[in-house]
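Subject: A structure for you to explore

Hi there,

Here is the structure I promised to pass on. Have a look at it first, and then read my notes below.

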Amino acid sequence: MSILHKRPLLKAEIDKVAEVAGYLWQKGWAERNGGNITVNVTEWADAAMQALPAISEPRPIGKTLPHLKGCWFYCKGTGKRMRDLARDPMGNGSLIRITPDCAHYEIVADAPVAPTSELPSHLAVHDYLLAKGSTYRASLHTHPIELVALTHSRKWLEKDAATRMLWSMIPETKAFCPRGLGMVPYMLPSSVDLADATIKAIDEDYDVVMWEKHGVFAVDVSVMDAFDQVDVLNKAAQIYIAAKNMGFEPEGMSDAQLKEMTAAFGLPK
Ligand SMILES: [Zn+2]
């Protein structure tokens, strides 16, 4: 019987992951096994679930993450496809429990699906969020085409250059992605340096961080909210590109109009 049986709240969270995985595939942001999702589901792990035996031996995380003691995560499986996860989240991902030493995890799920190879960096982000007292529980990595394309130009890699342009394309961008788009220069995928630089950018108060020539890493209260922020930003990039394709530089909203939005919607400055 599935671990999700008679756990409707936990199942609802996993269903959100499956729904988002389907959107990522449909948008063309998740080729092959591209992208990752991890969600901290600790608040939906009841006493009976806590008592379940692990179906794997404890495996090292590769880091000690003191704020994750006893936490539970849903993680996309290593080498698994988003389009398959959308149909079958427990066959293409698993639930893991962090052991009391905060340095290992064990799989407690329907099948022993090994979690993503990006697990150490995702868990380091969750550890950082919990240490800060954040309510954010989800992290998402994906390859949004137009946002990645922007990072092939030095101009948009300057701090907040892309943020300013994207906000100015359509008012909702600033309203729904009020912290803008952080930029992390190119680093080797899966590297410790990339994970550290991502946490530093999140600490500078970005919810969505762009990895140069690679993809985005987004955090929010739920995976749906993280997806929405990326979707809003990529939409703005598409409007910019559509105007360029029509043969002109888009005018963009003025500084005064952006200021007016910030005040009217009570957005962070
Ligand atoms: Zn990637």
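Let me start with a term you will need: a residue is buried if 20 or more other C-beta atoms lie within 10 Å of its own, exposed if 12 or fewer, and partly exposed in between. With that in mind, look at helix H11 (residues 255-264), which is hardly covered: of its 10 residues, the count of buried ones is zero. After H11 comes Gly266, with a positive phi near 60°. Please keep in mind that this is a predicted model.

**The two domains**

The chain is divided into domain 1 (1-141) and domain 2 (144-269). Their C-alpha centres lie 26 Å apart, and 22 residues of domain 1 are in contact with 20 residues of domain 2. On the side of domain 1 that touches domain 2, the elements giving two or more residues are helix H1 (8-26), S1, H4 and S6. H4 gives the most to that side, with five residues.

**The sheet**

In what order do the strands of the open sheet lie? The order is S2-S5-S4-S3-S1-S6-S9-S8-S7, nine strands with mixed pairing. Strand S2 (59-60) and S7 are the edge strands, each pairing on one side only.

Let's walk through part of the sheet. Strand S1 (residues 36-40) pairs with strand S3 (residues 72-76) in the antiparallel sense over three bridges, and Thr38 stands opposite Cys75 in S3. S1 is also joined to S6 by four bridges, again running antiparallel; here the bridge partner of Asn36 is His141 in S6. Next, five bridges join S6 to S9, and these two strands run antiparallel. Leu140 has Ala218 in S9 as its bridge partner.

Is S6 enclosed or open to the outside? Five of its five residues are buried, so S6 is largely enclosed by the rest of the structure. In a regular strand the side chains alternate between the two faces of the sheet. You can follow this in S6, where Ala138, Leu140 and Thr142 lie on one side and Ser139 and His141 on the other, all of them buried.

Helix H4 (residues 119-131) lies across S1, S3, strand S6 (138-142) and S9, and runs at about 35° to S1.

**Around S8**

Strand S7 (residues 181-184) and S8 run parallel and are joined by four bridges, with Gly182 opposite Val209 in S8. To get from S7 to S8, the chain passes through helix H9 (residues 192-203), and this β-α-β crossover is right-handed.

S8 is also joined to strand S9 (residues 215-220) by four bridges, and these two run antiparallel. Trp211 has Gly215 in S9 as its bridge partner. The hairpin of S8 and S9 has three residues between the strands, and in it Lys213 takes a positive phi near 55°.

In soluble globular proteins, nonpolar side chains tend to be buried together. In this model, the largest nonpolar core has 75 residues, and those with the most contacts inside it are Ala21, Val208, Val209, Val223 and Leu233. Helix H10 (residues 223-245) gives the most to this core, with eight residues. The core draws at least three residues from each of domain 1 and domain 2. To see one of these residues in its surroundings, find Ala21: it touches Ile37, Met82, Leu85 and Ala86, not counting residues up to four places away in sequence.

Arg32 counts as exposed because it has 9 C-beta neighbours inside 10 Å.

Asp160 is found in the loop between helix H6 (154-157) and helix H7 (161-167). Asp160 is not a glycine either, yet its phi is positive, about 65°. With 13 other C-beta atoms within 10 Å, Asp160 is partly exposed.

Enjoy exploring, and send me any questions you have.

Best wishes

How values were computed. Residues are numbered from 1 along each chain as its sequence is written. This is a predicted model: local features need pLDDT of at least 70, side-chain atom pairs count only at pLDDT 80 or more; totals for chains, interfaces and linings use all residues. A nonpolar core is a set of buried Ala, Val, Leu, Ile, Met, Phe, Trp, Tyr and Cys residues joined through C-beta atoms within 7 Å. Domain bounds come from an automatic or database domain assignment. Two residues are in contact if their C-beta atoms, placed from the backbone, lie within 7 Å. Two strands pair if DSSP finds at least two bridges between them. A crossover is right-handed if, with the strands pointing away from the viewer, the path from the first strand over the helix to the second runs clockwise. Axes are lines fitted to C-alpha atoms, for helices over the stretch in contact, and angles run from 0 to 180 degrees between N-to-C directions.
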